[in-house]
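Please keep the sequence and the structure at hand while reading.

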Amino acid sequence: MAYALQPCASRILPVCTDGELIQRTGNGDRTAFEKLYQRYARPVFGLALRRLGDRGRAEDALQETFVSVWRSAGTYKPERGPGAPWLYGVARNAIVDRSRARNEPPAEAPDEPSFEAGPDERGESSWVLWRVHRALETLPEREREVIALAYWSDLSQSEVAEKLGIPLGTVKTRTRAALAHLAEALEGELE
């Protein structure tokens, strides 16, 4: 399973980085903006809902976030960091603005509590998944391959060794090394 990034040249935008999408949005590319919205609407809404505690205000914060992204994408500087933190910074500002506007009545109270994962949990899960995938990209190919087979194909270490045609001890060594690299890459981010 390869995670290498490919150039973002087509209008379809299959594997653009967030930074590339933001830059294209800054140039007026609506397709890139729609792709950003598809990637981040749920996590941003979840974050806003968790912080604001009101669905209506969270929806307003989400809308303000993407209006601001559209208007200010031209100010994004890729050399200052990846696109996702920039986008979450825009979202944080919109959420703070909504939290200051507390004089509005709450939109609606839920009828019954839900035991399903809410938007905030799904948003947080999306962020964690994104970070883990970004960290996986930093692994050497041999380690990434072992992790992918073990976790996404749900193979035991013996089955991974058999599939790759390598000794079981090598699979265990690569797994330990990969997990250590991931722990280091994600240290302090997923707490």
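## Aromatic rings

Rings of Phe, Tyr and Trp, the last taken by its six-membered ring, count as a pair if their centres lie within 6.5 Å. In this predicted model, Phe33, Tyr37, Phe66 and Trp70 form one aromatic cluster, and the structure holds five aromatic pairs. Among them is the pair of Tyr40 and Tyr88, which is edge-to-face, with 5.7 Å from centre to centre and 85 degrees between the planes. Because Tyr40 lies in helix H2 and Tyr88 in helix H4 (residues 83–100), this pair ties together parts that are 48 residues apart in sequence. Tyr40 counts as buried at 4% relative accessibility, and Tyr88 likewise counts as buried, at 14%.

The pair of Tyr76 and Trp86 is also edge-to-face, at 5.7 Å centre to centre and with 65 degrees between the planes. Tyr76 belongs to the loop between helix H3 (55–72) and H4, whereas Trp86 lies in helix H4, so this pair ties together parts that are ten residues apart in sequence. Tyr76 is buried, with a relative accessible area of 6%.

## Overall composition

The secondary structure of the chain comes to eight helices and zero strands, and from the N terminus on the elements run α-α-α-α-α-α-α-α. Of the 191 residues in the chain, 36% are buried. Among the contacts in the chain with a separation of 6 or more, 60% are between residues 24 or more positions apart.

## Helix H1 against helix H2

Helix H1 (residues 18–26) and helix H2 (residues 30–52) have axes that come within 8 Å and cross at roughly 135 degrees. That angle makes H1 oblique to H2, because angles of 65 to 115 degrees count as roughly perpendicular and those over 145 as roughly antiparallel. The crossing in which H1 passes H2 is left-handed.

On the H1 side the contact involves Asp18, Leu21, Ile22, Arg24 and Thr25, which meet Ala32, Phe33, Lys35, Leu36, Arg39 and Tyr40 in H2. By class, this contact of H1 with H2 has six nonpolar, one polar and four charged residues.

## Helix H2 against helix H4

The axes of H2 and H4 come within 10 Å and cross at roughly 40 degrees, and the two helices are therefore oblique to each other. Here H2 passes H4 in a right-handed crossing.

The residues of H2 that take part are Leu36, Tyr40, Pro43, Val44, Leu47, Ala48, Arg51 and Leu52, and they meet Ala84, Leu87, Tyr88, Ala91, Ile95, Arg98 and Ser99 in H4. Divided by class, the residues of the contact of H2 with H4 are twelve nonpolar, one polar and two charged.

Gly46 lies in helix H2 and, at 0% relative accessibility, counts as buried. The C-alpha atoms of Gly46 and Glu121, which are 75 residues apart along the chain, are separated by 6.8 Å.

Arg30 also lies in helix H2, but Arg30 is exposed, with a relative accessible area of 60%. From C-alpha to C-alpha, Arg30 and Trp70 are 9.0 Å apart in space, while in sequence they are 40 residues apart. Trp70 is itself one of the members of the aromatic cluster.

## Helix H6 against helix H8

Helix H6 (residues 141–151) and helix H8 (residues 168–186) pack at an angle of about 95 degrees, with their axes 9 Å apart. That angle makes H6 roughly perpendicular to H8.

The contact is made by Arg142, Glu143, Val146, Ile147 and Tyr151 of H6 together with Val171, Arg174, Thr175, Ala177, Ala178, Leu179 and His181 of H8. The residues of this contact of H6 with H8 divide into seven nonpolar, two polar and three charged.

Methods:
Residues are numbered from 1 along each chain as its sequence is written. This is a predicted model: local features need pLDDT of at least 70, side-chain atom pairs count only at pLDDT 80 or more; totals for chains, interfaces and linings use all residues. Side-chain values use heavy atoms; hydrogens and water are left out. Axes are lines fitted to C-alpha atoms, for helices over the stretch in contact, and angles run from 0 to 180 degrees between N-to-C directions. Helices (H or I, at least four residues) and strands (E, at least two) are DSSP runs, numbered from the N terminus. Angles under 35 degrees count as roughly parallel, over 145 as roughly antiparallel, 65 to 115 as roughly perpendicular and the rest as oblique. A crossing is left-handed if the near helix is turned anticlockwise from the far one by less than a right angle, and right-handed if clockwise. Contact means heavy atoms within 4.5 Å. Ala, Val, Leu, Ile, Met, Phe, Trp, Tyr, Cys and Pro count as nonpolar, Asp, Glu, Lys and Arg as charged, and the others, Gly among them, as polar. Rings of Phe, Tyr and Trp (its six-membered ring) pair if their centres lie within 6.5 Å; planes under 30 degrees apart count as stacked, over 60 as edge-to-face and the rest as tilted. Buried means under 20% relative accessible area, exposed over 50%, partly exposed in between (1.4 Å probe, protein chains only).
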